[in-house]
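Reader: I have a chain open on my screen and would like to talk it through with you. Could you take my questions one at a time?

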Amino acid sequence: GEPNFEAGPPGDAMEYLRRVRYEASRLPQVVVSKIDQKKIKKQTVYMRAPPPAATCPPECLPTQEWEDKTASEFVDLRQAFVRSRLRFEEGKSGPWCSSSSVTALPANGDKQAWGRFCLGYDEEGWRKLLERKQKLMRQILENDDDDKPKLNDERKQVTQKRPEGQQPLLQILVRMDHIATCTALKSVVVRLKRKILTAEDECKDDIDATKKPSKSLTRQAGIWVYTLLAMLEKPIDAEMSSCLRTLYRVCAAVRAESKENEEYLARANLLLTLIAKVFNQKVTSTG
């Protein structure tokens, strides 16, 4: 029957559940809210769907057996790197002890510095560096002898910068934490996206193959992307998920243009397989 609500609060759990069931039984199955249409004036923001990945001929696709083997070997590499990092943090000897000099790493949040560290200077960055060098040379010639040693030291630092980027040696990698890894990977992906995806339409009618944007996925870029993916910790957050999907579109665009270039085709297929199989960030293709 009906609970006695006038008796005060329920005395035990069974009485409480009895009252809840009674109140629930009196509620209608369907409830329609009354919306004041006058208050709904602003249209919701339209969000464009993300672009699909480029398609390629069937002969450019790897076999399922190759994909499974590649993903398995990559997972083993990730585990080996974790063991090496633990040995480094415990102060044990390893390949990181073979060099007496320690390469300075960029700050964790400096994306431009990490981009130059991994891939070297792009055209704009290299132009600014040369302008800085020429300015220092003029200052050395124009200033007094007291200022020349300081200017010479600065000129040497500018001259010694590596335009082609560093190699991903283990002595460098073990000192990169998760934040540095994510920053470096994002900076590399942004550089590749700017060179490949944004330039794709401009180069469709270019008969000179050396000017194709797919050439931007160089061996240096491929090595760094592969290495950073091996260092990337899981699970990944939403921002890194978006970064990997952008990288997938970049590699898909390279594969679509590299039918007659086995080097770039193999590089693109390798990275596409890792993004899809290991990190589950495959992007649907057109068509």
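Reader: Of the contacts with a separation of 6 or more, what share comes from residues 24 or more positions apart?

Author: Happy to start there, with the reminder that this is a predicted model. The count takes in contacts in the protein chain with a separation of 6 or more. Residues 24 or more positions apart account for a share of 76%.

Reader: What is the pattern of elements along the sequence?

Author: The protein chain has ten helices and zero strands. Read along the sequence, the pattern is therefore written with helix symbols, since helices and strands are DSSP runs numbered from the N terminus. That gives α-α-α-α-α-α-α-α-α-α.

Reader: How much of the protein chain is buried?

Author: Buried here means under 20% relative accessible area. The protein chain exposes about 19200 Å², and carbon and sulfur atoms supply 51% of that area. Of the 287 residues, the buried ones make up 34%.

Reader: Which element gives the largest share of the largest nonpolar core?

Author: This core has 47 residues, and M176, L185, L192 and L229 have the most contacts inside it. Elements that give two or more residues to the core include α2, α7, α8 and α10. The largest share is ten residues, and it comes from α9.

Reader: Is helix α9 largely enclosed or open, and how many of its residues are buried?

Author: Helix α9 covers residues 238–257, and at 1.5 Å a residue its 20 residues should span 28 Å. Its end C-alpha atoms are 29 Å apart, which agrees. The helix is largely enclosed by the rest of the structure, because the number of its 20 residues that are buried is 14.

Reader: Which elements are included in what covers the buried residues of α10?

Author: The 16 residues of α10 should span 22 Å at 1.5 Å a residue, and the end C-alpha atoms are 22 Å apart, which agrees. Among the buried residues of α10 are Y264, L265, A268, L271 and L274. What covers the buried residues of this helix includes α2, α8 and α9.

Reader: Which residue meets K277 in a salt bridge?

Author: A search of the whole structure finds eight salt bridges. In this one, K277 sits in helix α10 and its partner in helix α2, 210 residues apart. The N to O distance is 4.0 Å, and the partner is E67.

Reader: Where is E233, the salt-bridge partner of R85?

Author: The closest N and O atoms of R85 and E233 are 4.0 Å apart. R85 counts as buried at 12% relative accessibility, while E233 counts as partly exposed at 39%. The two are 148 residues apart, with R85 in helix α2 and E233 in the loop between α8 and α9.

Reader: How far apart are the closest N and O atoms of R267 and E263?

Author: R267 and E263 are separated by about one helical turn, because they are four residues apart in helix α10. R267 is buried with a relative accessible area of 13%, and E263 is partly exposed with 44%. Their salt bridge has its closest N and O atoms 2.5 Å apart.

Reader: With which residues is S187 in contact, leaving aside its neighbours within four places in sequence?

Author: You will find S187 in helix α7. At 7% relative accessibility, S187 counts as buried. Its contacts, leaving aside neighbours within four places in sequence, are K111, W114 and G115.

Reader: Which residues make the nonpolar surface patch of about 420 Å²?

Author: Start from V20, whose place is in helix α1, residues 13–25. V20 counts as partly exposed, because its relative accessibility is 37%. The patch is made by M14, Y16, L17 and V20.

Technical notes
Residues are numbered from 1 along each chain as its sequence is written. This is a predicted model: local features need pLDDT of at least 70, side-chain atom pairs count only at pLDDT 80 or more; totals for chains, interfaces and linings use all residues. Side-chain values use heavy atoms; hydrogens and water are left out. The expected span of a helix is 1.5 Å times one less than its number of residues. Buried means under 20% relative accessible area, exposed over 50%, partly exposed in between (1.4 Å probe, protein chains only). A nonpolar core is a set of buried Ala, Val, Leu, Ile, Met, Phe, Trp, Tyr and Cys residues joined through side-chain atoms within 4.5 Å. Patches are made of residues with over 30% relative accessible area and no salt bridge: like charges are joined within 9 Å, nonpolar side chains (Val, Leu, Ile, Met, Phe, Trp, Tyr) within 5 Å. Accessible areas come from the Shrake-Rupley method with a 1.4 Å probe; for residues, only the protein chains shown count as cover. A salt bridge is a side-chain nitrogen of Lys or Arg within 4 Å of a carboxyl oxygen of Asp or Glu. Contact means heavy atoms within 4.5 Å.
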